[in-house]
Amino acid sequence: MSLLLTDLLNLNISDYTEKIIAEYIWIGGSGIDIRSKARTLPAPVSDPSKLPKWNYDGSSTGQAPGKDSEVILYPQAIFRDPFRRGNNILVICDTYTPDGEPLPTNKRANATKIFSHPDVVAEEPWFGLEQEYTLLQKDVKWPIGWPLGGYPGPQQGPYYCGAGADKAFGRDIVDSHYKACLYAGIDISGINGEVMPGQWEFQVGPTVGISAGDQLWAARYILERITEIAGVVLSFDPKPIEGDWNGAGAHTNYSTKSMRSDGGYEVIKKAIEKLGLRHKEHIAAYGDGNERRLTGRHETADIHRFIWGVANRGASIRVGRDTEKDEKGYFEDRRPASNMDPYVVTSMIAETTVLWKP
């Protein structure tokens, strides 16, 4: 890239104009594709309700027929833009028909209903989301750092949290993403290299209610943009490489006020029991292709069985040693796939554990 182009990309327009650029971000027709487009606004904005609604051609995203293609974007959450910087912003939106009906792919609308229910609000649900992902070489869709058409050295030993040119592939992308998320105002809480080489994880949280979904989608968008710049393909496939390799999940850590208070371990056990009774419904909503990942091997429980345990990474639900010892705390739902919709998963866990009466 020429120096002049780099200079122009790095221009801080906030020094020269009140106007800002807002990048409106939404989820497309597949439920995992992230779309965005930008518009100029006359002045900085910090409250999403002060942002104008916008529209796009839903027939080009698999969300509307050509003869009635207009989809309306409702701005819902604002983040600082780590790419344009200055006063420019990223805007997480959800999608509606011109009549104000949420699109079928708009999972945020139903999640908002659950999270605004007085019983759920009173419980202050906290989420910590662990997003695993795989970085692939652009033209061959094979993990970065792997020999073309071949496999790296010893399977799955040296790579988890590893360091070194033969063990950690793509750290520049991972670290750029970490800092960009902190800049944006996302509650990113950590990163680590995963068991399969070329696979990484970042964590978002603890975050309350609907904000967990907004923040994870914003973090995914930023990661898509960084991998675009790096010329690497980002995959959220739950089992990107068949065979004796770890899949990719989105372990979801969860607690309510009652669980975090004295006597919370009993509340946790009751919540886990309810999750077990609705295991099939949760699995159906926890991501496509998850049956390739939840095999009972590679730190997973079999998709057809519901089991929970303390410090057991082969369980559907894992309770930490500290939670058992303190008799209060949180638990981890290990079932969601890496391509899950966080709006669906977080709201469903809250609904089952707080609102559902078996």
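## The largest pocket

A pocket, in the sense used here, is an open set of grid points where a 1.4 Å probe fits, with protein on both sides within 12 Å along at least five of seven lines. Keep in mind that this is a predicted model. Its largest pocket has a volume of about 660 Å³. Lining this pocket are 22 residues, and Asn 10, Pro 82, Phe 83, Arg 84 and Arg 85 are the closest to its centre.

H4 provides the largest share, with four residues. By type, the lining of the largest pocket has 12 nonpolar, six polar and four charged residues.

## The second largest pocket

Next comes the second largest pocket, with a volume of about 370 Å³. It is lined by 22 residues, and those nearest its centre are Glu 132, Glu 194, His 251, Glu 299 and Arg 334.

Strands come into the picture here: strand S6 (126–137) and strand S8 (199–208) each supply at least two lining residues of the second largest pocket. The make-up of this lining is three nonpolar, nine polar and 10 charged residues.

## Where H2 meets H10

Now let us turn to the helices. Helix H2 (residues 108–115) and helix H10 (residues 342–355) have axes that come within 9 Å and cross at roughly 30°. Because angles under 35 degrees count as roughly parallel, H2 is roughly parallel to H10. The crossing of H2 with H10 is left-handed.

On the H2 side, the residues in contact are Arg 108, Ala 111, Ile 114 and Phe 115, and they meet Tyr 343, Thr 346, Ser 347, Ala 350, Glu 351 and Leu 355 of H10. Sorted by type, the residues of this contact are six nonpolar, two polar and two charged.

## Where H5 meets H10

H10 also has a contact with helix H5 (residues 211–230). How do the axes of H5 and H10 cross, and at what angle? They come within 8 Å and cross at roughly 155°. Since angles over 145 degrees count as roughly antiparallel, H5 is roughly antiparallel to H10. H5 passes H10 in a right-handed crossing.

From H5, the contact takes in Ala 212, Gly 213, Asp 214, Leu 216, Trp 217 and Arg 220, while H10 brings Pro 342, Tyr 343 and Thr 346. These residues divide into five nonpolar, two polar and two charged. Tyr 343 and Thr 346 of H10 meet residues of H2 and also residues of H5.

How values were computed. Residues are numbered from 1 along each chain as its sequence is written. This is a predicted model: local features need pLDDT of at least 70, side-chain atom pairs count only at pLDDT 80 or more; totals for chains, interfaces and linings use all residues. Side-chain values use heavy atoms; hydrogens and water are left out. Axes are lines fitted to C-alpha atoms, for helices over the stretch in contact, and angles run from 0 to 180 degrees between N-to-C directions. Angles under 35 degrees count as roughly parallel, over 145 as roughly antiparallel, 65 to 115 as roughly perpendicular and the rest as oblique. A crossing is left-handed if the near helix is turned anticlockwise from the far one by less than a right angle, and right-handed if clockwise. Contact means heavy atoms within 4.5 Å. Ala, Val, Leu, Ile, Met, Phe, Trp, Tyr, Cys and Pro count as nonpolar, Asp, Glu, Lys and Arg as charged, and the others, Gly among them, as polar. On a 1 Å grid over the protein atoms alone, a cavity is a set of points where a 1.4 Å probe fits but cannot get out, and a pocket is an open set with protein on both sides within 12 Å along at least five of seven lines; lining residues have an atom within 4 Å of a point. Grid points are joined across faces, edges and corners, and a volume is the space filled by probe spheres set on the points.
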